[in-house]
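Me: I have a structure open and want to learn how to read it. Can we go through it feature by feature?

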Amino acid sequence: MIQIQNISKSFGAQLLFKEASFLVSSKERIGLIGRNGSGKSTLFKLILEQEDLEAGSIQIPKRYSLGYLSQHLEFSKETVQEEVHSVLACNEEGWIETHKAESILFGLGFTEVELQKDPNLLSGGFQIRLNLAKVLASEPQMLLLDEPTNYLDVVSTRWLAYFLRQWKGELLLITHDRSFMDSVCTHTVAIYQQKFRKIKGGVQKLKEILAEEEELAKRSLENDEKKREQLEKVVEKFRYKASKAAMVQSKIKAMDKLSKVVYVEEEKQIDFLFNEAEFPGKRMLQAKNVSFAYPNGDYLIEELSLEILKGDRLAIIGPNGRGKTTLLNLIAKELEASQGELSFSPNLKVNYFGQTNINRLDLENTVEEEIQTAVTDSSKGRARSLAGLMMFSQDAALKKISMLSGGERSRVLLAKILANPCNLLLLDEPTNHLDMESIQSLIEALDAYRGAAVVVTHDEDLLHAFAKKLIVFDGGNCFVYEGTYQEFLENIGWSFEKEKQEVKTTSSKDKSSRQKRAEYVAERSKILRPLQKSVKDLEDAAHQQEIEVSKIEEALVLAAENENGSEINTLSLALSEANKKLDHLYESWEEASHMLEEAEQKYQLD
């Protein structure tokens, strides 16, 4: 258990935390949410003692190990395999640990050949993956993962989610990917008004709770303001009458007890609105039997044929390094096909967001000057307005590009794209440096955009909300799928996940007749109902126990604030016992859930 008690931290005039507290209990997997700049990464640095607290404490048990995904890249071994093996503990069953480590590497997208490569020769993205593999293989008691999916493709992201759901220790996770967070975490903590707010459950549940509390607080303030106005009128009316002095003092005291008006600063948010160019006609481009290979390399794309029509919503998905960005570059005319034909409408106007384009920003320009280069209107106000939309307000718009982080440079490029009218958007991993609210704004803007859009992304929330057609790179193949991402998962699925699926025990032929289907449904119900009841009962019991644990935790925090030593000891023992009972309920629930999942796989309905 880690206890974060009454911590305060600021950078200059920016206050991140003010007397903020929460507990990380045994086996909790916690998702940490908050706007960009709210202090999520700073909290990790405070836990790791890379930053100093101004007040409060973070209590970590002795010999409690932390595993942190560092962006610092430093490798000492000759091969990827040896680098990962270097973090394993030596024991009699070392071969088992070695097997686990290599399974992690394969899950994160490394191949047999890449295991023997020099780590220093890997791309930056795969070096980050190697760091992630080392953290996972070292099996610390707590994982601290800050945006672990940024350099993963959708296949590796799904594998990592599966891996973390099986994690037996504690987890603190920062990610912009809401679906990934909700699929992995048992609890969510929001950084809200310089405090921490923790609940059991997902992001949406916590946001709804906070929204309700904001509304109640607003109503309370409005009521108090009405009362204040009434009291002020009475005080003003009788202030100078000696006979009413006692009553006036009573009203003044009543006003002092009313809620003070607190103006919460509105959170900054990226506001996307793509600048549309008209497109007369229907077909924007056509590819016929297109193939591509770099010199002396294997073919990344082979005999791909497709059309992009006005209004299309097309996602390119698959493992990294298989050709997704290459295909975008072909569409953007930055590469030429090795074979086949790509034909473009003369009315096509393309805007392309990608890492290559970010590297082309002029480092000597300010943010405003760089955006101005893309503004067709010579008005300086337009560039400043776009800078503001991308959260570069006032002095921030005058910073040089060379001084910006990778995420900030991405926002500058997004502002340039918003400035240029286009009818075809090409977006390569646009969500990597955005927070959840900004991603939602992007989704809404894409929905409102009337041109066509082609997106490469590993963010499954974006895929589900956006894609109406897919280009899939999977298992060495590249093909067009006419349907949504959900339809792809249901009808085809990823090749690595197919291997895990159990063979259905009942043939579709047996289910085809009404009589046999009725018998099948009855048998299915007989098997599933007791398991479903068991899972529900254990969920309810665990929920009640979580409430009990929360009450003890709150009491423990209060006792710590009051420095009541004897009560801290008593409550710590009670919390330990309550957590043991909760752990047992979790284990029973997981076992029952696993049995239910197996039964549901076995007894599926068409």
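Reply: The buried residues of helix 9 are Lys324, Thr326, Leu327, Leu328, Asn329, Leu330 and Ile331. Buried means under 20% relative accessible area, exposed means over 50%, and partly exposed lies in between, with a 1.4 Å probe and protein chains only. Helices (H or I, at least four residues) and strands (E, at least two) are DSSP runs, numbered from the N terminus.

Me: How many of the residues of helix 9 are buried?

Reply: Seven of its eight residues are buried, so the helix is mostly covered, given the cut-off of under 20%. Before going on, note that this is a predicted model: local features need pLDDT of at least 70, side-chain atom pairs count only at pLDDT 80 or more, and totals for chains, interfaces and linings use all residues. Residues are numbered from 1 along each chain as its sequence is written, and side-chain values use heavy atoms, with hydrogens and water left out.

Me: How should I read the confidence?

Reply: pLDDT is the predictor's confidence in each residue, from 0 to 100. The chain averages 83, and 90% of the residues score at least 70. Over residues 500-513 the pLDDT is below 50. Beyond near neighbours in sequence, that stretch has 13 contacts in the model. Contact means heavy atoms within 4.5 Å. Where pLDDT is low, the predicted coordinates should not be read in detail.

Me: What is the nearest side chain of opposite charge to Lys324?

Reply: First, the rules. Lys and Arg count as positive, Asp and Glu as negative; His and the chain ends are not counted. A salt bridge is a side-chain nitrogen of Lys or Arg within 4 Å of a carboxyl oxygen of Asp or Glu. For Lys324, the nearest side chain of opposite charge is Asp153, 5.4 Å away. Lys324 is buried yet has no salt bridge.

Me: Which strands does helix 9 touch?

Reply: Look at the sheet first. Two strands pair if DSSP finds at least two bridges between them. Three strands form an open sheet in the order 11-10-13, with antiparallel pairing. Strand 11 (299-309) and strand 13 (339-344) are the edge strands, each pairing on one side only. Helix 9 packs on this sheet and touches strand 10, strand 11 and strand 13. The direction of helix 9 makes about 50° with that of strand 11. Axes are lines fitted to C-alpha atoms, for helices over the stretch in contact, and angles run from 0 to 180 degrees between N-to-C directions. Five bridges link strand 10 (residues 283-293) with strand 13. Within that pairing, Lys288 has Glu341 of strand 13 as its bridge partner.

Me: What about phi angles?

Reply: Most residues other than glycine have a negative phi, and most peptide bonds are trans. Lys333 has a positive phi of about 65°. Lys333 is in the loop between helix 9 and strand 13. At 58% relative accessibility, Lys333 counts as exposed. Arg63 also has a positive phi, near 60°. Arg63 lies in the loop between strand 4 (55-59) and strand 5. Arg63 counts as exposed, at 78% relative accessibility.

Me: In what order do the strands of the six-stranded sheet run?

Reply: The order is 5-6-7-3-8-9, in an open sheet with mixed pairing. Strand 5 (66-68) and strand 9 (195-200) each have a single partner strand, so one side of each is left without a neighbour in the sheet. Neighbouring strands are turned by 20° against each other on average, direction ignored.

Me: Which way do the side chains of strand 3 point?

Reply: In a regular strand the side chains alternate between the two faces of the sheet. Here Arg29, Gly31 and Ile33 point one way from strand 3, and Ile30 and Leu32 the other way. All are buried. Strand 3 pairs with strand 7 in the parallel sense over four bridges, and Arg29 has Leu171 as its bridge partner there. Four bridges also join strand 3 to strand 8, running parallel. Gly31 is partnered by Thr188 in strand 8.
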